[in-house]
Amino acid sequence: MRVVADPTRCIGSGNCVTTAPGVFDQSDTTGLVVVSDVEIDGAAVADVRDAVSWCPVGALTLSGPGTP
Amino acid sequence: MPTPPRLAWPFDRETALTPPPEFAQIRQSCPFSEVETWNGEPAWIATRWEDVRTVLADHRFSSNPATPGVMPAPSEAALTFWQNKGTFDKLDPPEHDHERKMVTPEFTVRNIERYREAVTDIVDRLLDDMQAQGGVVDLVEAFGNPLPAQITCVMMGLPVSDAPFFRRQLLTFMSQASSPDESKGAMQALLDYFDAVVADRLDHPTDDVAGRLVTDHVVNGTLTGEGARRMLLDLLIGGLDTTSSMIALGTVTLLEHPEQLRLLEEHPAQWNQAVEELLRYLTIAQFIGSRTATDDVEIGGVTVERGHGVIASLLAANWDPERFERPEEFDVTRDARGHVAFGFGVHQCIGQPLARLELQIAMPRLFERFPQLSLVTTSADLEFNRTTIHTAKQVLVDLGAPA
């Protein structure tokens, strides 16, 4: 499964960083989302699904196997 | 079928810490229905977690009180306050995003983590002061109010000794007991204060939130001095009553659920989860989430016409049994994440990593220091300020013997 972030929608709430810290990060200069690990598998899948669902601005999208 | 009379908004609470029963009634009968605000205007109210998120994430619903139509407010005072804010929380994209992004880097999870030691020091010093005083203390005054005020001073590079000034002016400004002139005077005093801060940073650049805002945005003209002082004041206001109330009412909630408190004593690693459950259960931002439709929008099986008002109730959403099973049960073992206590959409609280840090440090340390902590007055005796944020005037606790 892959996760893609749209920095033009991001407002830097930090929800994804708190929910899946190994996968998401925030830029020090803009505060906006940076995806450190695009390919998701194993234990990270559940956290990333939560992060996608809880992103307040719909800036995260899942694609590839295992996504609807 | 005749239309039932509209319920009057805001609803009264029957008990101090739980939502008004009207939310559950509406959610069961017609989850997206119409109410009547203080000035007789109709407004739609969303009570399901799903609908509340949908409204708050949809850019066709405006947060700007200048948008033509109804901006559903809980009171005339709240509406006047919103109309006079002039900061990004009352702007829509793209103007909102432009301003918010000027301070977004200050509130990243990593950057806020840098204040862990400062927060811990403030918390411990306040607990020392409480211990020295001993006996019965007002938790709002002794702990809830000073913590966010002081950490804000640290972040903005202001003298911590100015914290009581902020508290006093904000109290006068917000209090229903103040005359319109007193209220206006208090706001002016705060604006004057931040005016001086901006002027000072222009002359003497500093490496703090206020200094960076001035150096990076006022100097190059992307933000006016007026914009900067309003933004700094807004950041201050946003973090004060909110965090203070979570600490005070969170303590009351825990003390009234002793079996939950015991669980935390036995499993201190659960504290962060408990903080999320407190955020969900209390949802103190009781009147945040008012919007005006800028287009006809289909939602919850109805059409909200352009110019109509919508209340996306965070409190109702966080008590939606479809999302949170048995929402009326305060349960620190619950995974409460996904709550909307900080809002949803582009206006979601910018200070949430800071609020979490403060609560995750302050709450366990309070109970560690005072293991015999008990309530002098129960939640049934509390008196509340009728403000946008659910805040108690006073929370008296008996500290007991310190650990």
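In chain B, 3 strands make an open sheet with antiparallel pairing, in the order β5-β13-β10. Strand β5(B) runs antiparallel to β13 (residues 396-398) of chain B, and 3 bridges join the two. One residue pair to look up here is V137(B), whose bridge partner in β13(B) is V397(B). Two strands count as paired if DSSP finds at least two bridges between them. Strands (E, at least two residues) and helices (H or I, at least four) are DSSP runs, numbered from the N terminus.

A word on what you are looking at: this is a predicted model, in which local features need pLDDT of at least 70 and side-chain atom pairs count only at pLDDT 80 or more, while totals for chains, interfaces and linings use all residues. Residues are numbered from 1 along each chain as its sequence is written, and chains are lettered from A and ligands numbered from 1 in the order in which they are written.

Staying with chain B, let us turn to a helix pair. The axes of α9 (residues 163-174) and α10 (residues 180-203) of chain B come within 7 Å and cross at roughly 145°; axes are lines fitted to C-alpha atoms, for helices over the stretch in contact, with angles from 0 to 180 degrees between N-to-C directions. On the α9(B) side the contact is made by Q169(B), T172(B) and F173(B), and on the α10(B) side by residues including A186(B), M187(B) and L190(B). Contact requires C-beta atoms, placed from the backbone, within 7 Å.

Chain A also touches chain B, and the contact takes 18 residues from each of the two chains. On the chain B side, α4 (95-103), α5 (109-113) and α16 (352-369) each supply at least two residues, and α4(B) gives the most, with 3 residues.

Here are the two contacts by residue class. Ala, Val, Leu, Ile, Met, Phe, Trp, Tyr, Cys and Pro count as nonpolar, Asp, Glu, Lys and Arg as charged, and the others, Gly among them, as polar.

| α9(B) with α10(B) | 5 residues | 3 residues | 1 residue |

Chain A itself has 2 helices and 4 strands, which follow one another as β-α-β-β-α-β from the N terminus. Its C-alpha trace spans about 30 × 20 × 15 Å along the principal axes.
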